[in-house]
Amino acid sequence: MPQEDDCLRAVKDFVRTELLSGKHDLDSLTTLPMPVYEAFAETGCANWWLPKEYGGAGKGLEVSVDIVAELAYGDAGVAFALFISLLSTTALALYGSDDLKTGYLTALAAGNGFAATLASEHEAGSELSRTATTVRREGDTLILDGHKAFSTNTAFAHFVIVIARSADNEKDYHAVLVPGDTPGLLVDKRWNVIGLRASGTYQVTLDNCRVPAANLLEGHGLRILEAGLNTSRVLIAATAVGLARRIRDLCMDYAKTKTVKGAPLARNDVFAAKLGQIDMQIAVMHDQCRTAAREQDEIAARPDAPAHLLRQGALKSAVVAKMFCGQAGWRIACEASEMFGGYGYTDESPIGKLVRDMRFASLIEGGDDVLRQLLYTRFVIPPAKRS
Ligand SMILES: Cc1cc2nc3c(=O)[nH]c(=O)nc-3n(C[C@H](O)[C@H](O)[C@H](O)COP(=O)(O)OP(=O)(O)OC[C@H]3O[C@@H](n4cnc5c(N)ncnc54)[C@H](O)[C@@H]3O)c2cc1C
């Protein structure tokens, strides 16, 4: 029998002792559960995907799917806070200079730190080519100015990757590494989000933010972002898997106590059919995540991975995994919440929080309207007719 991954084993213990034990408030808008993040670092698995050459555990995306699904079973906000640094570390590992990678990835691994990505803007929305944040060069310095609408982990990030347009040529887009303590990198506010409250998402301003020119990543900024999204989209999908499993188990617990027509709900045929359907959907969701993760792991192992991903951009399997898991997860959450009757619409039942948490999977890193259009223009239209 294959041995269980060491991090996956440690994560299961962490979920049981820290997330499911009720010790921490994981739904607060006033405080972030920093002690939970610190407890996770003590497992030795923080930033588990960072390459071994920089002091990380070097785990691939396929095992990350299982790690994140376990974390999300315990709490989706904690899972999100703990894995979303992957988006910026992937961009750095693929397109940063050797000095930049050695400096920042090593420090992140050693300090169990966090990284963030600053892409979204209020005005541009998902049309990232309308990004208004600018970067200009003055000698050996890059200067960034602009406003970023949403960015998770920025308030305590060791570094952030900023997507910006060249101030000199509006058709040029860049990705720039900005250390978290750079003057001019300003957190405006933490958003009052409806779910994932164990993570912090912020509105950020870049005001005359100066970094060395060597902090520029090599390649087209929007394609660099797409290369990173190929990994984080799969883990957003895996979060939906973990949430769906938790919802299924919660339904089973409830059905043992609820009586319908003189028998426990768990013995009712309608209930059995619903739970069978949910379990089938969870299995397909998990398979889709694994398929996408395996493709990404195979590409990452190739010596030409950076160039390949700049050409390819978004991987279809990652987009499909996020869309499918977001949609299936949402159906499961809605169906399950109805099962709890009026009780399910109160704060006395955990199902309400799980519904709020599940909503994120279809919204972030591209809503479904945007991703449907991406699939159409990149994969449905014949190659010769693509613009
Ligand atoms: C909790 C949370 C964490 C986040 N973390 C980060 C982060 O770390 N870094 C970061 O950069 N961003 C982050 N985001 C931003 C997130 O990725 C975006 O909000 C999301 O991708 C949706 O983009 P948008 O807000 O620009 O809305 P839009 O994409 O502009 O969508 C608004 C509306 O316009 C419609 N629409 C848009 N484009 C089209 C189209 N082509 N065709 C038809 N309809 C369209 C949409 O369907 C929707 O109805 C986060 C957001 C949240 C809520």
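## Basis

The model is predicted, so local features need pLDDT of at least 70 and side-chain atom pairs count only at pLDDT 80 or more, while totals for chains, interfaces and linings use all residues. Residues are numbered from 1 along each chain as its sequence is written, and side-chain values use heavy atoms, without hydrogens and water.

## Aromatic rings

The structure holds eleven aromatic pairs. Rings of Phe, Tyr and Trp (its six-membered ring) pair if their centres lie within 6.5 Å; planes under 30 degrees apart are stacked, over 60 edge-to-face, and the rest tilted. Tyr 104 and Phe 159 have ring centres 5.7 Å apart and planes at 75 degrees, so this pair is edge-to-face. Because Tyr 104 belongs to helix H6 (residues 98-111) and Phe 159 to strand S4 (residues 159-166), the pair ties together parts 55 residues apart in sequence. Helices (H or I, at least four residues) and strands (E, at least two) are DSSP runs, numbered from the N terminus.

Elsewhere, ring pairs link Phe 14, Phe 40, Trp 48 and Trp 49 into a cluster.

## Charges over rings

A charge sits over a ring if NZ of Lys or CZ of Arg is within 6 Å of the ring centre and within 35 degrees of the ring normal. Arg 246 lies over the face of Tyr 73, 5.9 Å from the ring centre. Arg 359 has its charged end over the ring of Trp 330, at 4.5 Å from the centre.

## Two buried residues

Thr 239 lies in helix H7 (residues 221-257) and is buried, with a relative accessible area of 0%. Apart from neighbours within four places in sequence, Thr 239 is in contact (heavy atoms within 4.5 Å) with Val 68, Ala 72, Ala 76, Phe 83 and Phe 360.

Gly 77 is part of helix H4 (residues 76-83) and counts as buried at 0% relative accessibility. Leaving out residues up to four places away in sequence, Gly 77 touches Leu 196, Ala 198 and Ser 199.

## Ligand site

The ligand is surrounded by 17 residues, each with a heavy atom within 4 Å of it. The closest are Ser 120, Ser 126, Thr 152, Asp 369 and Gln 373.

An N or O atom in the side chain of Asp 369 is 2.7 Å from an oxygen atom of the ligand. A polar side-chain atom of Gln 373 lies 2.5 Å from a ligand nitrogen atom.

Technical notes. Buried < 20%, exposed > 50% of the residue type's maximum accessible area, 1.4 Å probe, protein only. Polar contact = N/O pair within 3.5 Å; in protein donor to acceptor, adjacent residues only side chain to side chain.
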